[in-house]
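Thanks for asking me to look this one over.

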Amino acid sequence: MPALETLARLRRLAESEPGPGVLRLPSDLPSRAALEAVRAALALLEKPAPPRPTAPRPVRTGGAAIRVHIDGAARGNPGPAGLGVAFFGPDGTVLEGLARFIGEATNNVAEYRALLLALERAEELGCAELAVYSDSELLVRQIQGRYRVKHPALQPLFAEAKQRMARFRRVEVHHVRREENREADALANRGIDQAARSGAGGAPGTEEGVRP
C-alpha cells in the first residue's frame, strides 16, 4: 500500500470512537481498509532503518597524547616533493591523513614541512599533547637538541617548528624505522603522484584529506 494512502487511512482511523468492546470506525472507512492500514504501518515501523553515514571519528582521544606519523619525500633530492601526515587512534587505525605536494625540495626540507603541517593540523583540531613519529633521524635528533641545525635551508623551518611546538602542552618527537612509517610514506608519495597526474608537476600546496 502506498505510504500516502496508508497515512490517509491512519488519520481516518484515528478519528474512530471506542465503544463497549468494539471500535466504531468512521462511516467511510471499511474495517478491511482499516486493518490494511494498520498492517502497512506496522510493516513500515518494523522495517530496519537504513544505516546512518558514519562521520569521521574525531582525532581527540581524551587526555591522551595524539599519535601522528609524518614523512617527506623528494624524488631527485632536490626534486618533486610531497608531504604525508597520518593521525592515529588508540586502536592503531588512521583517523585522518593528509597528502600534499610542495613543488621542488630536498628530502630534509620536505621532512620539516611535514612536521609543520602536522603541528598546524593538530592545533586546528585542538590537540593539547602530541606524539610525533618520523623516520628521519636528522629531523628527530635536531628537534630533540642532539644535533645542530647547520644547513641554512633548515634553520628557519627548525625555528618555526619549535615555536609551534611551544603552543602545545607537550610534544614528543620519536624516531621510527621506515617500515613503521608506511602510512605517512604512502601519503607523501600520493601527494607527488597526484600532482604529476594533474600535469606540469602540479601546484605547490595541493592537498588531499583522507578520513577512512
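**Notes on the fold and a few residues**

1. Let me begin with a pair of strands: E4 and strand E5 (residues 94-105) run antiparallel and are joined by ten bridges. One place to look is Phe87, whose bridge partner in E5 is Glu96. The two strands form a hairpin with five residues between them, and in that turn Gly92 has a positive phi of about 90 degrees. Please keep in mind throughout that this is a predicted model.

2. Strand E3 (residues 66-74) pairs with E4 in the antiparallel sense, over eight bridges. For orientation, Ala73 stands opposite Gly82 of E4, while Ile70 stands opposite Val85 of E4. Here too the strands make a hairpin, with four residues between E3 and E4, and Gly76 in the turn has a positive phi of about 125 degrees.

3. How covered are these strands? In E4, which spans residues 79-88, nine of the ten residues are buried. E3 is also mostly covered, with eight of its nine residues buried.

4. E3 has a further pairing, and its sense is parallel: five bridges link E3 to strand E6 (residues 129-134). Within that pairing, Arg67 stands opposite Ala131 of E6.

5. Along the sequence they follow the pattern α-β-β-α-β-β-β-α-β-α-α-β-α-β. Of the 212 residues, 39% are buried. The accessible surface comes to about 12300 Å², and carbon and sulfur atoms account for 53% of that surface. Taking contacts between residues at least 6 apart in sequence, 69% join residues at least 24 apart.

6. Helix H3 deserves a paragraph. This helix covers residues 107-124, which makes 18 residues, and from first C-alpha to last H3 reaches 26 Å, close to the 26 Å expected at 1.5 Å a residue. Buried residues in H3 include Val109, Ala110, Tyr112, Leu115, Leu116, Leu119 and Ala122. As background, an α-helix has 3.6 residues a turn, so residues three or four places apart point the same way. Just after H3, Gly126 takes a positive phi of about 80 degrees.

7. What do the buried residues of H3 pack against? The strands E3, E4, E5 and E6 are among their partners, together with helix H4 (137-143) and helix H5 (155-165). This brings the strands from the points above back into view beside the helix.

8. Is Arg121 buried or exposed? Arg121 counts as buried because its relative accessibility is 17%, and the cut-off for buried is under 20%. The side chain of Arg121 makes a polar contact of 2.5 Å with the side chain of Glu96, and another, at 3.0 Å, with the side chain of Glu124.

9. Glu96, the other end of the 2.5 Å contact with Arg121, lies in strand E5. At 3% relative accessibility, Glu96 also counts as buried. So one residue ties two of my points together, because Glu96 counts as buried, is the bridge partner of Phe87 and has a side-chain polar contact with Arg121.

10. Why does Asn181 count as buried? The reason is its relative accessibility of 0%. Leaving out residues up to four places away in sequence, Asn181 touches His69, Ile70, Asp71, Tyr133, Ser134, Asp135 and Val176. Ser134 makes a handy reference: Asn181 and Ser134 are 47 residues apart along the chain, yet their C-alpha atoms are separated by 7.1 Å. Ile70, also on that contact list, is the residue that stands opposite Val85 of E4.

Conventions:
Residues numbered from 1 in each chain as written. Predicted model: local features only at pLDDT ≥ 70, side-chain atom pairs only at ≥ 80, totals over all residues. Heavy atoms only, no water. Buried < 20%, exposed > 50% of the residue type's maximum accessible area, 1.4 Å probe, protein only. Pairing = 2+ DSSP bridges. Contact = heavy atoms within 4.5 Å. Areas by Shrake-Rupley, 256 points an atom, 1.4 Å probe, with all protein chains shown as cover. Expected span 1.5 Å × (residues − 1). Polar contact = N/O pair within 3.5 Å; in protein donor to acceptor, adjacent residues only side chain to side chain.
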